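This briefing is for a reader who is meeting the structure for the first time. Please look over the sequence and the model, then read the points below.

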Amino acid sequence: MSNSKLLMTFPVSATSHTLVEYRERGGYATLEKVLRQMTPTQVSAEITASGIQGRGGAAFPMGRKWGVVHLNDGQPHYLCANADEGEPGTFKDRWILENAPHLLVESMVIAAYALQVRNAFVYIRGEFDLPYRRLAAAVDEAYQAGYLGARILGTDVSCDLVIYRGAGSYVCGEASALLTSIEGRKPYPRNRPPRLTVRGLYQRPTVVNNVETLANIVGIVANGAQAFRAVGTAKNPGTRLISISGHISRPGVYEIEVGYPWSKFIHEDCGGVSGGRQLKAVIPGGISTKVLTAAEIEPLHLDNQEVEAAGSSLGSGGMIVIAEGTCMVRLLQVMLRFYHHESCGQCTPCREGMGWLHRIIDRVVAGDGRPEDIERLYQISAWNDGTTICGMGDAAGYATSGVLNKFRDEFEYFIDNKRSRLHGNLECLASS
Amino acid sequence: MKHLVAEFDAIRARFPSGFDSSLVVPFLRRIQEDRGYVADSDIDALVDYLRVPRIQIEEVLSYYTQFRRKPIGRWHVQACRNVSCSLLGADRIVDHLTQKLRIRPGETTGDGRFTLSTVECLASCGTAPVVMINETCHECVTPQKLDALLETLT
Amino acid sequence: MPRIFINGQPIDAEPQHTVMEAARANGIVIPYFCWHPQLSIAGSCRICAIQIEDRSWVEIACNMPVSEGLRVLTDSDQVKTYRKSIMQLMTLNHPVDCGICDKAGECTLQDYHYLYNGAPSLSRDVKVRSTKFHPLSERIVLDNERCILCSRCVRFTREISKSNALGIIQRGDASLVRAAEDRPLDADPYSDNVIDICPVGALLSRSFLYQSRVWYLQPTPSICPGCARGCTVNIWHRKAEWKLNALDPAKNVRIERVTPLENPSVNGPWICNKGRDLKQILERPRAEHAMQKGGVVDLATAIRSARRLIDHAAHPVALVSNWGSNEELAAFSQALGARFTTFVKHDWAAQPGEPIEDDLLIRADKNPNTLAARALFPTVDDGGTLDGATDLVLVWGEGFDFERVPRGAAIIFLNAYVQPENGHADVFIPVSIQTERRGHYTNFQGTVGAFEPCFPKKPSIADAEALFASLAISEVEPA
């Protein structure tokens, strides 16, 4: 099976992120072509024809999202790149920010042109230091070279890009909370309707796209939608950047063509489970996706259609590999501690539910679990499924029910025996 | 905050007009970089400069994990405890730091040198376990590497 | 007008309405905590969740726009089950202070618990503790454990009173309603409205704290006399069947609290804090006995003396009260208007520190019935020197500087409250206040509002309306 690359197409070095080297690779030629030869509608049509799905976790087609924005409605529109990358297990947008920041900038200027956006933003999580500095340097270089600012490349197209740094909140990865954060207010997610593409930043039409999704724009416009569609699958064209971590020999960011065999990816490309251990389970796409067992992933391909049919999702591409011997009860405890910490507190099911889930799992791990705790964990998860303001409630529910579905026996053992059946620590070290 | 006003004016100029409220977060970050934390007087000065309700700033300061209203140690040692880092030994790292620094997460050493915190995912899972000290992310940490690093932080 | 179907019933909805609004307009009850007709949509409590027919999930009604052909169910099994789960989550960390909480008996959480759940908590874990008795302002005390974080109070200060005094700090189940640290809630003249709109016993009035169980009280409609807006209010007092004669009879005839009486054309559902503090105005020490030059006489004697003064006066001047009701003012005009040169007196001016006027409710004129008074008596008392020929001054109500009375002129003084000047008048007659009778005021917009009596009047106190007719009777023997 081929494995075409669309993004990781150059060797990374200490200088490969600079404007000089980006231009040597053909950078900003596409922007030139767009501004001189294409209309905004033609650009959007190419994006829609490509069928590219969002790579932030929700997999919403980018062309369809853009299509909601009414051009020529006489009000400001905004474009925002979501570089919050808070989903645990995910670190692939970081690769783009550190190594291909100009790819993002050029893509954003093209997108801004298509959407008639004068002011674009990159919302980057506050904890990112090197990714921020690389991106900031790239933006400065782009301004100096005339790829950003007034009258880009001598045309009458202008676009300003502001990098907005967050300050520590997972919920800011949710698009409406992200925009509220940019408004300088406490980042509570918003109910829909209205959609952000109708009322977003300061109640103006705003498109929020993931960094990786945006970074594909240069390639799609340069080579055409059909070339993009030739890679990947019919329903999910292109490639995905997968961040793989956990008990894996060669963790890191890999670009795979959608449809690549999962087992091959784990056992060959990534060197297999570390320490020569057996594979127990894999969290496919960030902890908010349901865990799958080794047996389940065996026949699957890295294609969201297949993963969804198997009851999970490729989500944000944050893959976490779990070796045999890992206590899934303790693992769930780490996840629930995270969700509890990150709940914004706005809506009842998540605010109260996350705390409740966390207290239950803490009690189980402390050896004070009760038989009804398993049903209660399921119940709280169900109460958060599809009924909260944002997807975080659902996410915690998926993490919980996913682990319970596949490893219920470990929970029953822990409750009955007041200790884990497996290693006492998540590293699965032989000691303790 | 007064000495930062020229800088603030420059940052404000980069935003579209009508975005004054947006300046709350970047200005608080800058104030904290400068002072080490955000003081009550900084909040007053920011309210005057931006003309936003004081409660908005108070909410923002209390909500985000990176903002603080009290000083901490010179070196903020932040150990990730999320899933991948836990799978690669984060608990062991936190225990080591607790013993080495003789403080628990949330506390500061008596000499004001180190504050220890546990934090959530820093998007560096491939190089777990990860410890962030001030702005810098230290990857693939081991107790030995940490000990050597802490020595250099005066 | 989009036609929607609620539980199969066809409803013609307003195009800009949400399903919540359309339901309410048609008498269909959908429960809510965070929704409020005058505030922006928060959509956070989730209890208004309903089910669109043929969908297997629930969605909130307060943020669901109506659309042609929309079919929703507000009481399906799924909706009922979901409501129970929201109640379960809302009460998860609730302290259940009902036994010591002022809100008991008028608490939405209690009401919904019985209506929609009634089941004990499924949790066996310790409840999250939080601050109790937090001094949110001088007037309001906050219990964060009872708070359900509906954000109504925050939205009120942001959107209605615009003081931006309140917010929610921190996050998750550690979230706390707090006032901004420079204490703007103390300066917000509408602050106490958050007590009304708080669905639970989190925000409580300090002045009402522990004073009475609400089911011992009844509300009587009245008009706040604090300014010319004339907000309609409910004056709460002890129900007759719950009299406390043994403990303290004074408790049976006192104002326990004042709350807004919703009135779309005057004050909506709000009043300002001055209205809350009406007992400070209406329960000042009362004049209870007629006097002549400070010596107590019975009412009949005083009336006869007053009649004689009126009979013999050559140049009588009257200063009528703009706190008089429409009925009282009309009675004065009819009985004595021809006899007296009459001026309208402004009984009250703004006190130091009192807000003068704003674009919400507060009016600069701190009197309830100036419009009606001026309609009957065009001349306003300008506080200047009275005509030197004046030989009788009839002062009705407060706010008159008796230094202005020309030397030698007699004084008839009608007043409700104890004042040193009561004892200097030639004839002093105590009169009733609005809580002791029925009547009407006309507000600055010309809207007439009614007040009802809630307390009995002492027999030694006169009703001004009847008094004026009585005073007009001459004591001069017919020739």
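How much area is buried between chain B and chain C, and what share of that area do carbon and sulfur atoms give? The buried area is about 940 Å², and carbon and sulfur atoms give 51% of it. The model is predicted. The points that follow begin with this interface, then turn to chain B and to the domains of chain C.

**Interface between chains B and C**
- The size of an interface is often given as the accessible area lost when the parts come together.
- On the chain B side, eleven residues are in contact with 13 residues of chain C.
- Three residues, B:Ile55, B:Glu59 and B:Tyr63, supply 48% of the area that chain B buries against chain C.

**Chain B as a whole**
- Chain B has 154 residues, and 54% of them are buried.
- The C-alpha trace of chain B spans about 50 × 35 × 25 Å along its principal axes.
- The accessible surface of chain B is about 6,700 Å², and carbon and sulfur atoms account for 50% of that surface.
- Seven helices and four strands make up the secondary structure of chain B.
- Read from the N terminus, the order of elements in chain B is α-α-α-α-β-α-α-β-β-β-α.
- Of the contacts in chain B between residues at least 6 apart in sequence, 59% join residues at least 24 apart.

**The sheet of chain B**
- Four strands of chain B form an open sheet in the order β2-β1-β3-β4, and their pairing is mixed.
- Strands β2 (114–119) and β4 (136–138) of chain B are the edge strands, each pairing on one side only.
- On average, neighbouring strands of this sheet are turned by 25° against each other, with direction ignored.
- Strands of a sheet pair through backbone hydrogen bonds, either parallel or antiparallel.
- The pairing of β3 (residues 131–133) with β4 in chain B is antiparallel and runs over three bridges.
- Opposite B:Met132 stands B:Cys137, which belongs to β4 of chain B.
- Helix α7 (residues 143–152) of chain B lies across β1 (75–80), β2, β3 and β4 of chain B, and this helix runs at about 0° to β3.

**Domains of chain C**
- The domain assignment of chain C gives domain 1 (3–90), domain 2 (123–210) and domain 3 (291–471).
- Between the C-alpha centres of domain 1 and domain 3 of chain C the distance is 54 Å.

Conventions:
Residues are numbered from 1 along each chain as its sequence is written. Chains are lettered from A and ligands numbered from 1 in the order in which they are written. This is a predicted model: local features need pLDDT of at least 70, side-chain atom pairs count only at pLDDT 80 or more; totals for chains, interfaces and linings use all residues. Side-chain values use heavy atoms; hydrogens and water are left out. Two strands pair if DSSP finds at least two bridges between them. Helices (H or I, at least four residues) and strands (E, at least two) are DSSP runs, numbered from the N terminus. Axes are lines fitted to C-alpha atoms, for helices over the stretch in contact, and angles run from 0 to 180 degrees between N-to-C directions. Contact means heavy atoms within 4.5 Å. Domain bounds come from an automatic or database domain assignment. Buried means under 20% relative accessible area, exposed over 50%, partly exposed in between (1.4 Å probe, protein chains only). Accessible areas come from the Shrake-Rupley method with a 1.4 Å probe; for residues, only the protein chains shown count as cover. Buried area is the accessible area (1.4 Å probe) that two parts lose on being put together, summed over both.
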